Amino acid sequence: MRTTSRGLIAALTLTPLLAGCFAPGDSDDGAGAGAGGRLRIAMAVPPVQALSPYSNDATVLSKLSVAEGLTALDRNGTAKPALAKSWKQDDATTWTFELRKAEFQDGTALTAQSVVNALDHAGAAKPKPRVLSDVTLTAKADDADTVTLTTKSPDPVLPLRLASPALAILSAKAYAKDGKVSPVGTGTGPFEITRLSGKTKATLDRFDGYWGGKAKAPGIDVSWIADGTARANALRGGEADIAEWIPTAQAKLLDKDTRHEVPSVRTDSLILNTGSGLFTDAGLRAAAREAVDGSALVGSVFGGYADPAQGLFGPAVPWAAGKRVEVTGRAKAATTAQVKAETKGRTLRLATYTNRAELPEAATVLQQQLEKAGFTVKQDVREYTQMEADLLAGKYDALVFSRVTLLDTGDAVDYLASDFTSEGVYNIAGLKDAAVDKAIRAAAAERDTQRRQEKIMRAEAAILRTDAVVPLVHEQAVQGVATGVEGVLLDPRERSLVDVDTHVR
């Protein structure tokens with residue numbers, strides 16, 4: 001079926017009709033926008049790889065409207081046109097995409113060959129972007145404005161996959177011979193990165209050649225502030241117009257006109273390392289699962305901005321609850337005495353990170369619960385970028401982890417494949433389970449939406465059976481937005497934040 005609707009559709013748009021802001025020094029409290037109406041944004045997670053789309057930095061490129069893919073997601077999670085103005089499926093493994101007239105921020109034109117070049121580099125990246133963990137994609141330019149994409153096996157959600165920030169189309173100069181990728185001045189979005197200062201700041205200017213029209217804001221000044229209290233203080237003190245991921249302890253301290261609660265597809269879980277260490281033992285994993293109680297975190301840690309976890313997918317995934325499958329076949333949990341005997345002399349290495357303020361506090365609660373069950377626990381709490389490599393290398397026994405389950409494609413299969421299949425590129429749990437692999441493959445091959453959702457929930461049950469992951473809570477995000485700022489995108493998938501309409505009155 002050919003899709004023809006125009007433009008990027010944001011998730012949810014915040015448009016308060018409130019008083020204007022002032023530059024610092026123009027008012028008694030210093031509140032206001034940056035010079036010339038520039039937006040000032042305090043972001044939580046510093047860049048891991050200089051904003052490479054092949055890392056967790058990819059979402060920054062979409063949040064700041066720097067780069068785009070062939071498609072985008074609308075508020076319902078449906079694929080909508082972006083750099084591709086239309087597409088059609090030719091057969092089970094072949095799709096044709098027609099490109100719109102657009103140009104890159106370096107002045108070169110978007111062509112079919114530039115799309116092929118970008119997707120080829122993504123496929124060759126090491127490690128592969130999570131979104132490509134379960135698919136082999138081949139791109140061919142038919143003419144200047146037409147691209148044919150072929151998958152090795154049928155991929156019924158390819159248009160959703162192409163909306164991933166990791167598959168952003170950048171100009172040829174973005175791709176270095178050593179495999180590094182730079183989005184600085186190479187995207188197609190309404191804002192161009194003109195300067196990236198390590199892991200602390202970035203400067204973006206309006207790109208007036210944007211195909212979708214001129215942005216209302218002249219530019220964006222980004223500061224990465226890992227400490228959540230400091231982000232909230234930046235908003236309160238008039239040093240930021242937008243502050244993402246306000247800690248729940250700080251949320252109620254914000255003026256109600258600047259505090260915005262957003263249903264989130266984010267689930268916080270305890271990930272258990274099944275590949276090495278204590279939790280290769282299924283009985284010990286089961287003991288850990290029975291020991292931890294996520295509901296205890298809802299009020300004490302999250303201040304009510306969370307729901308007790310029902311599984312991997314929470315209330316912001318509305319179809320999940322009605323299709324949830326009973327989990328059966330779990331291992332018998334080791335008793336407290338057995339845990340002490342089997343772990344004697346060994347310490348459970350429990351990790352989490354500081355970028356989300358609630359996680360260290362949650363880890364402390366879980367430590368107490370696990371110690372009551374007979375484990376000896378030692379925490380390692382650091383900033384995420386300092387520990388990602390160790391997490392993927394399996395150097396911890398357990399991780400208190402916050403994951404946006406529909407981040408990469410808007411389709412849950414991609415998340416399940418990257419995090420829980422034997423070859424998954426983000427398989428922190430080190431899970432290698434044939435039944436899980438089979439269940440996820442079955443969901444991936446299903447084209448009918450309803451049946452696909454049913455198979456996703458069967459896969460969820462298969463994963464939970466292994467006790468490789470213990471869901472704790474489903475979060476509610478809190479975003480801080482200064483009064484007088486309009487058009488901020490409040491996105492349950494956490495992929496969007498500003499676009500052409502975001503500005504200070």
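Tutor: Let us begin with a term needed throughout: a residue is called buried if its relative accessible area is under 20%. Please bear in mind that this is a predicted model.

Student: Why is Tyr210 called buried?

Tutor: The relative accessible area of Tyr210 is 8%. The cut-off is under 20%, so Tyr210 counts as buried.

Student: How do you know whether Trp211 is buried or exposed?

Tutor: Trp211 has a relative accessibility of 14%. Because the limit for buried is under 20%, Trp211 is counted as buried.

Student: What makes the aromatic pair of Tyr210 and Trp211 tilted?

Tutor: A pair of aromatic rings is described by the distance of the centres and the angle of the planes. The centres of the Tyr210 and Trp211 rings are 5.1 Å apart, with 50° between the planes. Rings pair if their centres lie within 6.5 Å, and planes under 30 degrees apart count as stacked, over 60 as edge-to-face and the rest as tilted. The pair of Tyr210 and Trp211 is therefore tilted.

Student: What kind of pair do the rings of Tyr353 and Tyr384 form, and why?

Tutor: Their centres are 5.1 Å apart and their planes stand at 75°, so this pair is edge-to-face. It links distant parts of the chain, with Tyr353 in strand 15 and Tyr384 in helix 11, 31 residues apart. Both Tyr353 and Tyr384 are buried.

Student: How many aromatic pairs are counted by this rule?

Tutor: The count comes to nine aromatic pairs. There is also an aromatic cluster, formed by Phe313, Trp319, Tyr415 and Phe420.

Student: Let us turn to the sheet. What is the order of the strands in the open sheet of four strands?

Tutor: The order is 5-6-8-7, and the pairing is antiparallel.

Student: What makes strand 5 and strand 7 the edge strands?

Tutor: Strand 5 (84–91) and strand 7 (137–143) each pair on one side only.

Student: How do you know that strand 8 pairs with strand 7 and with strand 6?

Tutor: Two strands pair if at least two bridges are found between them. Strand 7 and strand 8 (residues 146–151) share six bridges in the antiparallel sense; Asp143 has Thr146 as its bridge partner in strand 8. Strand 6 and strand 8 are also antiparallel, over five bridges, and there Thr94 has Thr150 as its bridge partner. A hairpin of two residues joins strand 7 to strand 8.

Student: Why is strand 8 called largely enclosed by the rest of the structure?

Tutor: Five of its six residues are buried, so strand 8 is described in that way. Helix 2 (residues 112–124) lies across strand 6, strand 7 and strand 8, running at about 170° to strand 7.

Student: Finally, how does the reach of helix 14 compare with the expected value?

Tutor: Helix 14 (residues 449–466) has 18 residues and reaches 26 Å from its first C-alpha to its last, close to the 26 Å expected.

Student: What is found at the start of helix 14, and what follows helix 14?

Tutor: At the start, a side-chain oxygen of Asp448 comes within 3.2 Å of the backbone nitrogen of Gln450. Helix 14 is followed by Asp467, whose phi is positive, near 60°.

Conventions
Residues numbered from 1 in each chain as written. Predicted model: local features only at pLDDT ≥ 70, side-chain atom pairs only at ≥ 80, totals over all residues. Heavy atoms only, no water. Contact = heavy atoms within 4.5 Å. Axes fitted to C-alpha atoms, helices over the stretch in contact; angles between N-to-C directions. Expected span 1.5 Å × (residues − 1). Polar contact = N/O pair within 3.5 Å; in protein donor to acceptor, adjacent residues only side chain to side chain. Phe/Tyr/Trp six-rings, centres within 6.5 Å; stacked < 30°, edge-to-face > 60°. Buried < 20%, exposed > 50% of the residue type's maximum accessible area, 1.4 Å probe, protein only.
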